[in-house]
Amino acid sequence: MFADGISNAAVFEALARSLSLSLAVALISGVAGCLVAWLVTRSDIGGSRALAGLFSMPYAIPAYLLGMAWIVLGNPAVGAIKELFPEGGIYGFHGMVLVESTVAFAFPYLELKAGFERMDPSLEEAARMSGARPWRVFRDVSFPLLWPPLVNGMCLSFLYTLSSFGVPAMLGMPVRQFVLTTLIYSQFKLGGMAGIGAGFKLSLLLLAMAMLVLALSNRLVGLQRRRGGAIMGSRVSRPGLVRLGGARLPVTAAAWIAFAAAVALPWGALAFSALAPVAGSCSPSDWTLRNMEYVLNLPEFREALVNSLALSISVASLVVGAGFLLAFAAVRRGSRAAAWLIEAVGVPFSTPGTVIAILLIFAATWTAAALGRLGLSFDSPLVWLALAYGLKYCAVSARMLAAAYRQVHPSLEEAAVVSGATTFILLRTIWLPLLSRTVLAAWFLTALPMFTELTMSVLLTGPGGATMGTVLFQLQEYADQPSAAALAWILLSAALAGAFFMRGRKAEEILEGR
Amino acid sequence: MRKPTTLLLLVIAAGILSLPSCSGKKKIWIYTSIYKEVIETMREPLQKAMPPDVEVMWFQSGSENIASKVNAELAAGAARADLILTSDPFWYHELKDQGRLLPYKSDAAKDIPAIYVDPDGAYAGVRLPVMVIGYNSRYFTNDSELPKSWKDLADPRFKRLISMPNPLESGSSFTAVALLQKQYGWDYFEKLRANDVIAAGGNSSVVTRMETRERPVGILLLENVLKAWDKGSPVRPIYPSDGTIPVLSPIAILRDSRNPELARKAYDWFFTDEAQRAIVRGSMYSLVETAPSPDHALPYAELKKTMMPWSAEILERMFAERGAIKSKFSETVLR
């Protein structure tokens with residue numbers, strides 16, 4: 001019914017696995033994101049500022065690199081910590097849940113962290129002073145107010161996992177566990193012309209699932225909104241921190257260990273395999289910097305660095321800027337068109353990259369033909385890459401910002417309007433400072449995956465269009481695993497360094513260029 | 001008031017990005033799955049062989065990525081590629097069936113054995129990758145433990161030792177599956193399944209699995225083994241006694257080519273000594289019998305003796321059964 005070479009039973013099995021995987025990841029990252037966001041913003045956990053920045057880092061690691069690293073760690077034959085896994089090692093459903101959750105955790109975490117920071121802490125303090133225990137405060141005060149960003153964050157985690165490809169391909173396919181995206185991929189890969197059709201048909205199925213989840217989450221958030229529950233942003237009072245008391249030490253240690261397991265361990269694993277002369281050789285006496293040198297001296301490396309930086313910075317800024325205005329129009333001005341647009345950008349976000357790339361190749365061919373009739377030629381792959389990145393990732397910022405606008409009580413805006421403020425002044429003096437943390441988080445969540453995007457890039461690139469993703473693909477396919485690990489390690493280290501630098505600065509300072 | 005400045009800069013950056021690259025030169029687009037390193041050695045000589053007002057543009061990716069890209073371009077109206085050089089013979093056959101290829105019976109390809117050339121001139125083999133068995137020489141201490149043939153791999157002593165590329169993703173792997181099931185039937189793949197074979201990713205992931213000893217034995221392209229060997233990897237090839245598997249890798253001109261004359265010129269160049277030497281340096285066999293064999297590889301004359309039979313009819317038959325072979329493989333091995 002769907003495709004040649006694949007039975008309906010296989011399609012339904014993949015569908016069921018896709019849904020259960022996404023659900024598991026959304027639940028785990030929702031709970032973990034909530035917990036960590038609360039710990040770093042509301043408790044006296046040790047090193048909270050450092051942790052707050054560091055916990056957003058797993059997102060900086062493209063999932064396929066994380067998959068690579070975890071295969072080094074949990075390889076059933078030679079993995080460094082294979083004893084911690086069942087017989088099949090990291091391969092299988094548990095491995096996919098683990099790795100996807102590490103990445104998808106960032107959506108609810110960053111949303112809730114921004115939510116907590118935006119929320120007037122005096123509400124919680126009032127509850128505490130009336131004698132409520134921290135759990136009660138969270139349940140009765142914080143949670144009801146932070147519903148929309150939490151549901152939205154979990155929804156993004158769900159959609160992210162549903163459309164993710166790298167991890168299911170690396171950790172699921174070797175043990176014959178297919179999800180929809182990997183099925184679609186194999187259709188495109190070896191289906192000839194019929195395969196394109198079958199791939200699209202399966203994508204529609206995936207899309208239907210995604211739309212269902214989006215509709216459900218919108219309904220939930222809508223119900224919440226009608227019950228009231230906006231919070232005024234207040235940057236005057238600093239939250240009084242909840243004292244963890246005797247639990248402070250173990251909780252702090254647990255948080256740092258969790259961070260180490262999520263980021264430092266894979267980082268170490270990649271460094272380890274980048275130093276090996278051949279994949280799998282593990283004696284330190286053999287260690288070599290040859291792979292690093294090879295990667296740094298690749299002619300495409302510099303081109304890719306420039307392209308990826310330019311693409312991710314400019315496209316992310318445009319997309320977040322547009323999202324800021326769009327969400328304003330939708331939430332504060334009640335524009336139906338804007339609200340509809342925010343819904344609509346959920347479609348490309350939950351469409352597999354391969355499908356978007358194929359559609360853009362169609363568009364590129366038509367454009368080239370039209371320009372050709374005018375006697376022009378147009379070969380820049382960067383335009384199509386920018387378009388692909390923009391389309392694929394614009395949902396994150398639009399949805400995050402819409403949720404943030406909803407969370408803030410409109411009284412400030414009303415006061416400004418009464419005083420005669422224009423829309424520009426309103427955005428500049430009220431909304432941008434109020435939402436600065438969300439804007440920054442959204443920019444981060446948009447720019448990082450663009451910097452290392454692989455699936456769409458390998459199809460859309462061309463001469464002069466090398467990106468980090470295409471160089472990685474090339475190393476993986478045509479060089480060897482240690483060289484690919486070397487580039488992966490370089491990328492990861494750069495991302496970690498960037499996050500370390502950002503950690504010390506307040507979001508407002510960065511946004512206002514101070 | 002830094003924000004408007006930043007915004008302006010961003011708009012300018014976006015503008016620069018979207019500037020189309022215009023140049024007056026005629027362009028010849030080559031889409032190929034040949035290694036980047038090999039392309040680097042071909043780039044200059046081919047450019048020199050073309051008229052000065054022509055710019056040769058290369059797009060390099062995996063065979064299947066190129067097929068996806070060209071298929072999408074064709075479905076949208078016209079392919080940008082003038083020439084294609086990948087290693088999925090079935091795709092060429094499909095393109096020919098649809099009338100997408102420009103027939104060209106070139107004199108330059110006259111030394112290529114007839115079995116590797118399309119009788120109607122739609123495409124011709126320009127190099128010959130072969131599928132062999134690979135193994136990690138540090139894992140096996142005794143040569144008698146090694147598999148000698150494809151048939152050996154079905155033996156229970158290789159349980160959990162074997163991996164192969166996924167034939168739903170890789171054209172070379174599909175050729176191997178098609179020829180092996182023709183020789184041994186699906187029973188053979190049932191035994192491989194019982195041995196818990198991993199069929200995932202491409203040829204490079206098989207190398208990694210061998211090197212890490214996750215799966216010390218692999219079914220893969222010889223060129224991947226030779227390249228790894230060259231870099232100091234303990235991976236070595238075995239030429240199975242029941243036949244190495246030829247993976248025809250043709251060159252063809254697309255009918256949509258805007259400069260068919262130039263495309264023919266470039267097509268011819270790939271059969272010159274210069275081009276064929278570059279192919280051999282890239283660890284692939286040349287189809288020109290007088291050409292040397294790649295370093296560390298079995299001489300072509302030897303290889304030919306144990307090669308599985310190949311012909312236009314076999315290609316035709318396997319092409320017709322393509323969907324059936326894929327579904328049968330999915331059912332047998334991937335479930």
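# Reading the terms in this predicted model

Me: What makes strand 1 (residues 26-32) of chain B mostly covered?
Reply: Six of the seven residues in this strand are buried, where buried means under 20% relative accessible area, exposed over 50% and partly exposed in between (1.4 Å probe, protein chains only). Strands here are DSSP runs of E with at least two residues, helices are runs of H or I with at least four, and both are numbered from the N terminus. A word on the source: this is a predicted model, in which local features need pLDDT of at least 70 and side-chain atom pairs count only at pLDDT 80 or more, while totals for chains, interfaces and linings use all residues. Residues are numbered from 1 along each chain as its sequence is written, chains are lettered from A and ligands numbered from 1 in the order in which they are written, and side-chain values use heavy atoms, with hydrogens and water left out.

Me: How do you know that strand 1 of chain B pairs with strand 2 (residues 54-60) of chain B?
Reply: Two strands pair if DSSP finds at least two bridges between them, and here seven bridges join the parallel strands 1 and 2 of chain B. B:Tyr31 stands opposite B:Phe59 in strand 2 of chain B. Strand 3 (residues 83-85) of chain B also pairs with strand 1 of chain B in the parallel sense, over three bridges, and there B:Tyr31 stands opposite B:Ile84.

Me: Why are strand 2 and strand 4 (124-127) of chain B called edge strands?
Reply: In chain B, an open sheet of five strands with mixed pairing has the order 2-1-3-11-4. Strand 2 and strand 4 of chain B each pair on one side only.

Me: Which residues of helix 6 of chain A meet helix 7 of chain A?
Reply: A:Leu123, A:Glu124, A:Ala127 and A:Arg128 in helix 6 of chain A meet A:Val137, A:Val141, A:Ser142 and A:Leu145 in helix 7 of chain A, with contact meaning heavy atoms within 4.5 Å.
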